[in-house]
Amino acid sequence: MSVFYEKFERHAGGEGLKSHATHYCPGCGHGLVHKYLAEAIEELGIQDRTVAISPVGCSVFLYYYLDVGNSQAAHGRAPAVALGHKYANPDSIVISYQGDGDLASIGLAEIVSAAQLGTPITVIFVNNAIYGMTGGQMAPTTLIGQKSATSPEGRTALMGQPMKMAELIAGLDGPVYVERVALFDAKQRMKAKKAVLKAVRLQVENRGLAFVEVLAECPTHLGMTPEETEAWVKEKMLPVFPLGVKKDVVPEPWFHREKPRFDAESLVAAIGATAERPPRFATGFPAHLGGTDIALKLAGAGGDGAQTAAMLLTRAAIHEGYDATHIPSYGPESRGGTSYADVHVSADEVLSPASPHPAILVAFNAPSLAKFAPDVPAGGTILYDSSVVKDPPPFRAGVRVFGVPFTEIAVDLGKAMVKNIVALGALQAATKLFPEETLRTAIRLALKDKCALIPLNEEAFSWGMRAVTPAPN
Amino acid sequence: MPTALRERPKPFLLPEFCKGCGRCIDACAKDCIGPGREIDPRTGLVPVTLNLEACNGCGLCFDACPEPYGLRPQPEGDFELQDPEKLFGERAAPPRPAPIPPRAIPLPPVAPLVLKGNYAAAIGALLAGCRHVFGYPITPSTEGAELMAKLLPKLDGIFLQAVSEVATVNMMYGCGGAGLPCMTFTSSPGFSLMLEGISYMIGAEVPGVFVNVMRGGPGLGNIAPEQADVKLVCRGLGHGNTQAIVLAPSTPQEMLDLTRLAFELSFRYRNPVVVVADGYLGQMTGKVVLPATMMEPGLPDWAVFGDGAHRGNLINSIYLDEKDLENHNARLNEKYRRMEAEERSDAFSCSDATTLVVAFGTPARMAKGAVEALRREGVRVGLFRPLTLWPFPIAALKSFLPNAKRILVVEASNGQLEDELRLALSKAGVAPPLIESVRHAGGILPQAAEIAAAIRASQEVLA
């Protein structure tokens, strides 16, 4: 019995009799389950590795007794806490110990999802058909007809049927072993003890998640003697909660995790950082576009590639040593909705990253052009897809406008999706935002893992550049 | 040779540890155990009586007794002669683990990265040594989880998608309780769901980092940027006496830097740390320079790691005794006071400013544009940007107040930042100057032009 603390220091400060007695009422089943758990931990030699998760309910003070690592969880959340411990230290043996209110009511989502996940933890579920700690209210496992503080005339079907957790959990793919046991006689206790041992062993052997439901006695809230309660469990609970193995598919050991890596090389490689700086081509900030901060807007429908083009502009600017930002804005649809991108390129620091009055607007469709063209101030530049905008709106005086058939050029090249690169070529020719090689390099770098696409994109860029002829204003 | 039945140990019982439930009476086939008749004055209960003449040492009574120190095998020898201290067996002293400190590892110099705010925060977490990320997808924070799901397997870490935000925060309670750095990405409605767990983490002193990329509310609201969780993160982290350091980045670079810092603070104070961004900042791409080092986490002495050294530890927020709980709260209050040393802010052109703009997050960036434009016109305006919303950087702000005739609070909420400001001024005993505001809700951010107009208007009144 070395897995119990020598003295229950946490039980009322370990004073007097409480130093060696549990807080449970006479005849309560929890003490037995604690004992079987302690014996299993001892037999398997895993006391140091064990972390017990105490629930909320009568067994909230599990940590008073078991001399293992202890963590006390919020109501119903023990399986989630258990998973946190298990992934923090895959060598630890984590026991999620829960009562019926905790597991079968408030914590249903946590237990069902943890069970289906199947990560090896051991779940001990003590079902005594009543809320103990709060004072005898109806539990999810309270029987039909059973009186409780919140079903004073007996539970009716209108209050829901008793929740059969072992069957529910056994119906999932995740767990490897599910059994329901009881405590009401020596034979049942022997089976319970074995089931608890097996459930812990399956975790020790990295074979999977095991779930043991224990039908337990609560003489206090059933208003019976301990002996009568044992009989009640046998006669009343068993027909609703049949005992036995509900699932047993013991697989080969499978759970294994490497230790997390903390070497700089792995991290730098994972995030794709590189010591190599892209070449610079610019000799100075493109002041000819006005000031030290250039606002751009690229607007179209989802799938037009506005965001990709915006990202390429942002990267190109940062490669050149400027500051740049890109903010996307999407409609709620995943595809086909609106898709706008605000880009700023600044000599020093981008201060306001939004582009309510863009110096450069690239519009991929008519609604975008109609919406944003009026925001472009005099001296600004508008490029739009003349393949789809056949009837452009009137433009503000002093704005340079270029209608370029982005889509037609892209389709002629064999891939409509490169229309955003055509647009970037056109933007290059129309604005000389950066030296030509700056954007070409950004495009090549973006495609470094898809080299086969580089020639097509290069060509799209070139055709976009060639297509720009100043349109009448 | 199996042990002969008669050689097996017989039961013995200290009556004060028997609650008289009688389970053992049925268990004994030899009728050695009977119901007691006398109340034990020490317990007020009636222990069973043993008559072991017929006992064959079958041991079934041990398995029937629910009390750890109830019916037990008779110890070797005559137990009455034993030292009562040794009666329950000898134990080794509880292990006393030494804390293992985190270790800084130099990073090779690399070119600046071009990253979305959410990605930058994720990389900040990786640099801080976080290899455990739990989460539930919610716009506009999802890129953080997505990047973690992609990168962590390469580092033998884990991204675990939980069934809900409720499960997420409890996985963090477990992982943080085991002493390891962990985090989540979420957005306002998801953050609401995490509050229960955050209260438990604070109560049990469990570290963990929450990046809340705030969106429009209340309710389902929308997915556009808002800053309306300030009240929640500064004043409402679940039930009870809770407080956490709240960091407020406004660029992708700060998303990385402050998320990284969040881990350090979280372990320094054994407390969750919240990073509040807005939907714009999470989605915004910008230039990000990596720091010179990354961290390998250590293991604190208090961790429930699941090994021998840490076996004696407990993660727990229950203090049944009122006095104990009051003392626990006093310790937390003392810790909250120490956290006030973490006040951080950024001041831009504040020293001679007659108008101070106070803003954080993306609105602060918009405001900076307005401030710079007005400075070029000779307007004496500055931007004071709290990098910690809690503790509010009141000491730094106070130093600019002698010149400031007016504060303009710019925020994407209904005045929640202004409430924090007013509270901080009031607690510091500072008579506030005139406070005006530019506020938007619903996902509309105050724009530079609007902020500039508000500053101009106030300057004209001042003139």
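Two residues are in contact if their C-beta atoms, placed from the backbone, lie within 7 Å, and the views below are taken from a predicted model.

**View 1. Domain 2 and domain 3 of chain B in contact.** The domain assignment of chain B gives domain 1 (5-86), domain 2 (111-342) and domain 3 (345-462). The centres of domain 2 and domain 3 of chain B, taken over C-alpha atoms, are separated by 27 Å, and 27 residues of domain 2 are in contact with 24 residues of domain 3. On the side of domain 2 of chain B that touches domain 3, at least two residues each are supplied by α7 (230-235), β11 (245-247), β12 (272-278) and α9 (279-283) of chain B, and α7(B) gives the most, with four residues. By class, the residues on this side of domain 2 of chain B divide into 16 nonpolar, six polar and five charged.

View 2. Leaving aside neighbours within four places in sequence, V288(B) is in contact with P112(B), L113(B), L115(B), A120(B), P252(B), Q253(B) and L256(B). E254(B), which is 34 residues from V288(B) in sequence, lies 8.5 Å from V288(B) in space, C-alpha to C-alpha.

**View 3. The contact between chain A and chain B.** Chain B contributes 90 residues to this contact and chain A contributes 83 residues. Helix α5 (residues 165-177) of chain B gives the most to the side of chain B that touches chain A, with eight residues, and that side of chain B has 47 nonpolar, 23 polar and 20 charged residues.

**View 4. Strand pairing between the two chains, with β2 of chain A and β15 of chain B.** Strand β2 (residues 69-72) of chain A pairs with strand β15 (residues 314-315) of chain B in the parallel sense, over two bridges. In this view S71(A) stands opposite I315(B), a residue of β15(B).

**View 5. The crossing of helices α3 and α5 of chain A.** The axes of helix α3 (residues 78-88) and helix α5 (residues 108-117) of chain A come within 7 Å and cross at roughly 45°, which means that α3(A) is oblique to α5(A). P79(A), A80(A) and L83(A) of α3(A) make the contact with E110(A), I111(A) and A114(A) of α5(A). By class, this contact of α3(A) with α5(A) has five nonpolar, no polar and one charged residues.

Definitions and conventions
Residues are numbered from 1 along each chain as its sequence is written. Chains are lettered from A and ligands numbered from 1 in the order in which they are written. This is a predicted model: local features need pLDDT of at least 70, side-chain atom pairs count only at pLDDT 80 or more; totals for chains, interfaces and linings use all residues. Ala, Val, Leu, Ile, Met, Phe, Trp, Tyr, Cys and Pro count as nonpolar, Asp, Glu, Lys and Arg as charged, and the others, Gly among them, as polar. Two strands pair if DSSP finds at least two bridges between them. Axes are lines fitted to C-alpha atoms, for helices over the stretch in contact, and angles run from 0 to 180 degrees between N-to-C directions. Angles under 35 degrees count as roughly parallel, over 145 as roughly antiparallel, 65 to 115 as roughly perpendicular and the rest as oblique. Domain bounds come from an automatic or database domain assignment.
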